[in-house]
Structure formats: C-alpha cells, structure tokens
There are 2 protein chains.
Amino acid sequence: MSLPHAILTALVEKPSSGLELTRRFDRSIGYFWSATHQQIYRELGRLEAEGLIRALPGQQPARGQKKSYEVLPAGRDELARWTAAPHDPKPLRDTMLLRLRAAAVVGTAGVEADLRRHLELHERQLAEYEAIEKRDFPPGRDSAEDRLRHLVLRAGIDLETFWTQWLGRALAEFAELPGDGPA
Amino acid sequence: MSLPHAILTALVEKPSSGLELTRRFDRSIGYFWSATHQQIYRELGRLEAEGLIRALPGQQPARGQKKSYEVLPAGRDELARWTAAPHDPKPLRDTMLLRLRAAAVVGTAGVEADLRRHLELHERQLAEYEAIEKRDFPPGRDSAEDRLRHLVLRAGIDLETFWTQWLGRALAEFAELPGDGPA
DNA sequence: AGGATCATGTAAATCGTTACATGATTAA
DNA sequence: TTAATCATGTAACGATTTACATGATCCT
C-alpha cells in the first residue's frame, strides 16, 4: 500500500501529469520506489475518485490530452497520517542470493558471468548517485528538506556500495572455487 | 518467477512437506526469500503437475495428512538452468526511504519513533545472523557449498549492518532538526 | 470428550508486469 | 501526408497478501 503514497509525495513536491510522473519514477523517485506508467495511471484514477487529488482546472479531459494533477488537503492529510504510522520492514527477497544458494546444490556453472554483469550495473548506479550527491548536495547548504533528501540518497549510495563490495567478494570466492560440479 | 526455484532449492537440499517448507522459509531460506504457506502449497501443486517434483511414495493423499515432496531430475535440470540464466537486479522499493522523502514535504511528526523501532529490529536481526555465522561457519572448514552459503549469510549480515548504521545516522539528523513543521 | 495444535488447503482482493489500443502533436 | 513520438489509457495475467475452512493428531 505504498504506491498511492509515493504518488502523493511526488505530486506534493510538484503537480504533474501522468507521463511527467512516469519520468520522475524513472529518476529521483525511482531510486527508492519504482512504478510503471500503467500503475501510475490506474492509481491516479483511484486517488481522484477518492478525492485525494484533482486534475488542475482549465483542462479538457480528452484522450491524448495532457492532464496534470495536484494534491487536495485530504490527500496531504492522508500522506502525513501514513508517513507517521508504524510499518514493519519487509523481509528481503533477492534473486541473486537465492541463485547462489541454489548454485551450492546444482553447481556454479554460468553464475559467474552474471555476477560480473551485476557488479558492473551496481558500479554504474553508484557512480550516478555520487554524481547526483555532488551536484545537488554541496556542503554547507542544509535546509531541513535538503538534509532529509540527502539522507535518502545516502541510503542509495551505501546500498550500492554494499553490493559492489559483496559482488567483488563473491567473484573472489569463485576464483578460488574448484570447477562447476554440483557441490 | 523465483518462488518455484526457491522451493526447488529447498527440496533439493532436503525433501520436505508443505509445513516443513513453511518453517524453513521462516528461517534460513527466509533470510533471502520469504513465502507464506499459501504460496507454498499452491506452488507445490504446480510443480507436481509439471513433473518437476513428486510426493514421496508410500503416503496416502488425505487432507490433513502429511505429504512430503522430492525433486525429480527434470526439476533439478530446471533449477540449474534458471540459476545460470541472467536476471536483471530488481529496482529498490523501500517504504522507510519513501516515508522520509514524504516527511520532507509533510513534516517529520511521528517518524522518529518508528526509525527507533526499526533500528532495534535490525539490530536484533544482525545479532541473530552473527550467531548463526559463529555456529555454522567456524573458520577452517570450507567445502564449496559451505563457502557459497557463507557468502549468502555475509550478504545478510552486511545488509543489516548497513541498516543499523543508516538508521543511526538518520536518528542523529533528527536530533539536530528543528520541530515537526512541514519542511 | 474437548481443546490446542498440526497440516493442508480455498477464496478473494490487491499489486505488479506485459502486451496492446488510441488520440494528439510534431517534424520530415 | 505519413511516420515518429507524446500522452493516456485497457486488458489480461501472474504474484502476493489476508482471511477463512477443514481434517488429523495429541494432550488433558
């Protein structure tokens, strides 16, 4: 039940159309919450029906016409309520870890190449986050919003750092391992 | 499409009944792939229908009767194929990070208590993983399977370490922040 | 005999992904 | 004028979650 609140957050930050939201969910928002345009349009419809957002006035609702939304007071209240409410952390679900556990019983053939590919992907992501940090959070300027957003970006940086280190360690292990046998 | 392969991995490690699998998905398997008993029973049915697993012979299929499964050769082949195939890493989706981003626009009231609660939960999880590491992976003994399983556990330990550190930093930020205003 | 727990399922709702459909705008 | 792209959707399916249902076994 987080997608509607991700959209509310994005719209409070800046009223947007469905496609603009989609773009933002591929960039900054997407660093901690991803969504496709199909999810976004469906959810925009629901949020509007519930009276939490509304289309900006002065726009005809024709298909193919741009339609921007803004958050209504009820939407802001709901977002504040959700943000303050306790939520349990979700258990981890990671395919690569599962594949390594599987490799322990069916053999390691083929996994190493994908470990290397993942390492490259995470290194690229890490470099992108660090560029954003340098650009958007220079030392000194620190409003409360800035510090919170910087904190979120730090989580992304630290997580990508973890993955690059762990994948490096995994590849080092593979180098020492015997062949591809099922054990 | 990873749940069937998580179940195959578990069953290759040791043939089990649905409830036994459920218990294992609350313990070791669950450290990187969680599943409820409803998912597990449904998937066991599918895997059996596809001829990848079978009920251990010599058991009547009555309701409420324990029924154990083992992996057939076709199941082991499918698991090896899936393990070797490339998979893209899934984008991050984390509720706490989203809530902090939301807090930047609707105010931080109430979040701090849950940050503290999460910190405790992650500290407990980290302690549990470290106890397992001490118990199951003493230095010296290192078969190929052991090294791979240890690697997976290390990921869990490092991830929990990241969270405890990041949550600590977040709480330190909150201590320096002004009141609960929407910015 | 009765209740707790073990064990296996069913049903319904929501969420997420993939594929497809359709109108509007812009540029060759 | 036609092709590409912008923009908004629909449809279908699979995965996940929550709630409920039911038989078997064990203990008192």
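Predicted model: local features only at pLDDT ≥ 70, side-chain atom pairs only at ≥ 80, totals over all residues.
1. Domain layout of chain A. The domain assignment divides chain A into domain 1, covering 3-84, and domain 2, covering 95-176. Taken over C-alpha atoms, the centres of domain 1 of chain A and domain 2 of chain A lie 29 Å apart.

2. The second largest pocket, its position. This pocket holds about 420 Å³ of space and has a lining of 19 residues, with Arg101(A), Ser28(B), Tyr31(B), Ile132(B) and Asp136(B) nearest its centre. Two or more lining residues come from each of helix H5 (95-106) of chain A and, in chain B, helix H6 (111-136) and helix H7 (144-176). H6(B) is the greatest contributor, giving six residues to the lining. Within chain B, domain 1 (3-84) and domain 2 (95-176) each supply at least three residues to the lining of the second largest pocket.

3. By residue class, the lining of the second largest pocket comprises nine nonpolar, eight charged and two polar residues.

4. Strands of chain A. Strand E3 (residues 68-71) of chain A pairs antiparallel with strand E1 (residues 16-17) through two bridges, and E3(A) also pairs antiparallel with strand E2 (residues 53-55) of chain A, here through three bridges.

5. Helix H1 of chain B. Why may helix H1 (residues 3-13) of chain B be described as largely enclosed by the rest of the structure? The description holds because 10 of its 11 residues are buried, that is, each has under 20% relative accessible area. The buried residues of H1(B) are Leu3(B), Pro4(B), His5(B), Ala6(B), Ile7(B), Leu8(B), Thr9(B), Ala10(B), Leu11(B) and Val12(B).

6. Asp88 of chain A. Asp88(A) sits in the loop between helix H4 (73-84) and H5 of chain A. With a relative accessible area of 58%, Asp88(A) is exposed, the cut-off for that term being over 50%. Neighbours within four places in sequence left aside, Asp88(A) is in contact with Arg117(B), His118(B) and Leu121(B). The C-alpha atom of Asp88(A) is separated by 23 Å from that of Glu43(A), which lies 45 residues away along the chain.

Notes. Residues numbered from 1 in each chain as written. Chains lettered and ligands numbered in written order. Heavy atoms only, no water. Domains from an automatic or database assignment. 1 Å grid on protein atoms, 1.4 Å probe; cavity = no way out; pocket = protein on both sides within 12 Å on 5 of 7 lines; lining within 4 Å. Points joined across faces, edges and corners; volume = space filled by probe spheres on them. Helix = DSSP H or I, 4+ residues; strand = E, 2+ residues; numbered from the N terminus. Nonpolar A, V, L, I, M, F, W, Y, C, P; charged D, E, K, R; others polar. Pairing = 2+ DSSP bridges. Buried < 20%, exposed > 50% of the residue type's maximum accessible area, 1.4 Å probe, protein only. Contact = heavy atoms within 4.5 Å.
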